[in-house]
Amino acid sequence: MKNQINIWQEFSKETGGTFKEGYSWRSDSTEIEYRKWKITFDNFTVWSGKYSSQTTRIIVPLTLSNNFRFEIYREGFIRKIEKIFGAQDVEIGYPEFDKAFTIKSNNKFKIKTLLQNKEIRTLLESQEEVNLMISDQKGIWEEKLPESEYELSYFIDGEIHDFEALKSLLQLFKLILDDLHQMNLIS
């Protein structure tokens, strides 16, 4: 039954974005133009053997001016185990934030500089689940992108139906893109 609201259609109206109807295995999506970037919100089904799980993801194609990479995710049981066994974690100097999140990067100075932005930290802290990264995989789980192509990516388990949460994530992406651009890390 298709009489329930289409979250991506409504989110497009709410944000002035473009609604894209899904096809075959692709979900409907919302594309939002911001400056010279295209921010895409959609749902994706991750398959693992015979099991599948629905995720919400946000993706922005980027051209990096250097090889700066990072991954930020909220602490959880599995992530704590990774830390015990030596997963690298950058501390940025804000104890509550450092305790709540695992931060990995190939450039500690640049990730610390990015996370000096209090609004970015506040928006990350407001999310129940955080998996944010610069990825060289198309759509996080698809094929490897061509050399020097990357995506700023975010995903969480399940579908987001809360417009305020989606708007908060949109604001987070805009701030990160602006700061990465100001730092001359993306062109």
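## Close-up views of a predicted model

**Figure 1. Overall make-up of the chain.** The protein chain contains six helices and eight strands. The model is predicted. Read from the N terminus, its elements follow the order α-β-β-β-β-β-α-α-β-α-α-β-β-α. The chain has 187 residues, of which 44% count as buried. Among contacts between residues at least 6 apart in sequence, 56% join residues at least 24 apart.

**Figure 2. The largest nonpolar core.** In soluble globular proteins, nonpolar side chains tend to be buried together. The largest nonpolar core of this model has 46 residues. The members that touch the most other members are Phe 41, Ile 72, Leu 124, Leu 132 and Leu 152. Helix 6, which spans residues 163–182, gives the most to this core, with ten residues.

**Figure 3. Surroundings of Leu 152.** Leu 152 is one of the core members that touch the most others. With neighbours within four places in sequence left aside, Leu 152 is in contact with Ile 58, Ile 59, Val 60, Leu 62 and Phe 70, and also with Leu 132, Met 133 and Ile 134. Strand 8 covers residues 149–157, and strand 4 covers residues 51–63.

**Figure 4. The aromatic pair of Phe 11 and Phe 41.** A pair of aromatic rings is described by the distance of the centres and the angle of the planes. The model has seven aromatic pairs. One of them, Phe 11 with Phe 41, is edge-to-face, at 4.9 Å centre to centre and with 65° between the planes. Phe 11 lies in helix 1 (residues 7–15) and Phe 41 in strand 3 (residues 37–48), so the pair ties together parts that are 30 residues apart in sequence. Phe 11 and Phe 41 are both buried.

**Figure 5. The aromatic pair of Phe 11 and Phe 163.** Phe 11 also pairs with Phe 163; this pair is stacked, with 6.4 Å centre to centre and 15° between the planes. The pair links distant parts of the chain, with Phe 11 in helix 1 and Phe 163 in helix 6, 152 residues apart. Phe 11 counts as buried because its relative accessibility is 0%. Phe 163, at 21% relative accessibility, counts as partly exposed. Trp 8, Phe 11, Phe 41 and Phe 163 form one aromatic cluster.

**Figure 6. Arg 121 and the ring of Tyr 94.** Arg 121 lies over the face of Tyr 94. The distance from Arg 121 to the ring centre is 3.6 Å.

**Figure 7. The largest pocket.** Rolling a probe the size of a water molecule over the atoms shows where empty space is left. The largest pocket holds about 440 Å³ of space. It is lined by 23 residues, and those closest to its centre are Arg 26, Glu 31, Thr 40, Asp 42 and Lys 138. Strand 2 (29–34), strand 3, strand 4 and strand 8 each supply at least two residues of the lining. Strand 4 gives the most to the lining, with five residues.

**Figure 8. The loop at Gly 93.** Gly 93 is found in the loop between helix 2 (77–84) and helix 3 (95–100). With a relative accessible area of 59%, Gly 93 is exposed. Gly 93 and Gln 116 are 23 residues apart along the chain, and their C-alpha atoms are separated by 9.2 Å.

Technical notes
Residues are numbered from 1 along each chain as its sequence is written. This is a predicted model: local features need pLDDT of at least 70, side-chain atom pairs count only at pLDDT 80 or more; totals for chains, interfaces and linings use all residues. Side-chain values use heavy atoms; hydrogens and water are left out. A nonpolar core is a set of buried Ala, Val, Leu, Ile, Met, Phe, Trp, Tyr and Cys residues joined through side-chain atoms within 4.5 Å. Buried means under 20% relative accessible area, exposed over 50%, partly exposed in between (1.4 Å probe, protein chains only). Helices (H or I, at least four residues) and strands (E, at least two) are DSSP runs, numbered from the N terminus. Contact means heavy atoms within 4.5 Å. Rings of Phe, Tyr and Trp (its six-membered ring) pair if their centres lie within 6.5 Å; planes under 30 degrees apart count as stacked, over 60 as edge-to-face and the rest as tilted. A charge sits over a ring if NZ of Lys or CZ of Arg is within 6 Å of the ring centre and within 35 degrees of the ring normal. On a 1 Å grid over the protein atoms alone, a cavity is a set of points where a 1.4 Å probe fits but cannot get out, and a pocket is an open set with protein on both sides within 12 Å along at least five of seven lines; lining residues have an atom within 4 Å of a point. Grid points are joined across faces, edges and corners, and a volume is the space filled by probe spheres set on the points.
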